[in-house]
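User: I would like to learn how to read a protein model. Could you take me through one, feature by feature?

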Amino acid sequence: MDDSRKIALRETLYILIGVSILTAVMFVVYGVLGIFDLSVLLGGIVGALLAVGNFFFMAVAATLASDKAQQQNVKGGTQIMSASYPLRLLVLTGVLLLCGFSGKFNPIALVLPLAFVRPVLNLSEFFRKR
């Protein structure tokens with residue numbers, strides 16, 4: 001496994017750990033507010049899986065684009081990244097809509113873990129060795 005794939009997997013692991021911790025904190029807040037139920041649990045789990053999955057597939061696409069660029073195929077790498085974003089957005093939107101309209105998932109708990117990725121990335125950058 002080359003360095004770019006190791007970096008993508010390591011960053012995805014950081015995202016997995018961070019999003020899991022923040023999702024657990026979200027569950028505690030729901031519990032303290034007295035509104036924790038099965039819909040919150042299901043929404044939080046699915047939202048966290050979507051957040052980590054979206055980041056993982058973005059990292060895979062970036063790695064593939066990097067491989068293309070190293071092979072002097074910059075256009076191919078650009079096409080991979082250009083196709084990756086709308087495809088990931090379409091899948092995210094579809095799953096969120098399906099879950100949202102099913103009525104079995106708390107909509108806030110479903111969407112909130114998607115916002116946890118950015119703070120986790122910022123925090124991991126803060127602790128990264130130079």
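This is a predicted model: local features need pLDDT of at least 70, side-chain atom pairs count only at pLDDT 80 or more; totals for chains, interfaces and linings use all residues.

User: Let us begin with the layout. How many helices and how many strands are there in the protein?

Analyst: The protein has five helices and zero strands. Read from the N terminus on, the order of elements is α-α-α-α-α. The C-alpha trace spans about 55 × 35 × 20 Å along its principal axes.

User: How much of the protein counts as buried?

Analyst: Of its 130 residues, 32% count as buried. Among contacts with a separation of 6 or more, 74% are between residues 24 or more positions apart.

User: How do I describe two helices that pack together?

Analyst: Two packed helices are described by the angle between their axes and the distance between those axes. Here, take α2 (residues 38–70) and α3 (residues 74–102): their axes come within 8 Å and cross at roughly 170°.

User: What does that angle say about the directions of α2 and α3?

Analyst: An angle over 145 degrees counts as roughly antiparallel. The two helices, α2 and α3, are therefore roughly antiparallel to each other.

User: Which residues meet where α2 and α3 touch?

Analyst: On the α2 side they include Val46, Leu50, Asn54, Phe57 and Ala61. On the α3 side they include Ile80, Met81, Ser84, Arg88 and Cys99. By class, this contact has 15 nonpolar, four polar and two charged residues.

User: Ser84 is on that list. Is Ser84 buried or exposed?

Analyst: Ser84, which has its place in helix α3, is buried, because its relative accessible area is 8% and buried means under 20%. Leaving aside residues up to four places away in sequence, Ser84 touches Phe57 and Ala61.

User: What should I look for in a nonpolar core?

Analyst: In soluble globular proteins, nonpolar side chains tend to be buried together. The largest nonpolar core here has 15 residues, and Ile15, Val19, Met26 and Val117 touch the most other members. Helices α1, α2 and α5 each supply at least two residues of this core. A second, separate core of six residues includes Val46, Cys99, Phe105 and Leu110.

User: What does Ile15 touch?

Analyst: Not counting residues up to four places away in sequence, Ile15 touches Ser20, Val52, Phe55, Val117, Val120 and Leu121.

User: Where is Tyr30 found, and what does Tyr30 touch?

Analyst: Tyr30 is found in helix α1. At 8% relative accessibility, Tyr30 counts as buried. Beyond residues up to four places away in sequence, Tyr30 touches Ile35, Phe36, Val40, Asn106, Ile108 and Ala109.

User: Where is the place of Asn106?

Analyst: Asn106 has its place in the loop between α3 and α4 (107–111). With a relative accessible area of 17%, Asn106 is buried. Its contacts, again without residues up to four places away in sequence, are Tyr30, Ser39, Val40 and Gly43.

User: Which helix holds Phe56, and what does Phe56 touch?

Analyst: Phe56 lies in helix α2 and is partly exposed, with a relative accessible area of 28%. Leaving out residues up to four places away in sequence, Phe56 touches Leu9 and Thr12.

Definitions and conventions
Residues are numbered from 1 along each chain as its sequence is written. Side-chain values use heavy atoms; hydrogens and water are left out. Axes are lines fitted to C-alpha atoms, for helices over the stretch in contact, and angles run from 0 to 180 degrees between N-to-C directions. Helices (H or I, at least four residues) and strands (E, at least two) are DSSP runs, numbered from the N terminus. Angles under 35 degrees count as roughly parallel, over 145 as roughly antiparallel, 65 to 115 as roughly perpendicular and the rest as oblique. Contact means heavy atoms within 4.5 Å. Ala, Val, Leu, Ile, Met, Phe, Trp, Tyr, Cys and Pro count as nonpolar, Asp, Glu, Lys and Arg as charged, and the others, Gly among them, as polar. Buried means under 20% relative accessible area, exposed over 50%, partly exposed in between (1.4 Å probe, protein chains only). A nonpolar core is a set of buried Ala, Val, Leu, Ile, Met, Phe, Trp, Tyr and Cys residues joined through side-chain atoms within 4.5 Å.
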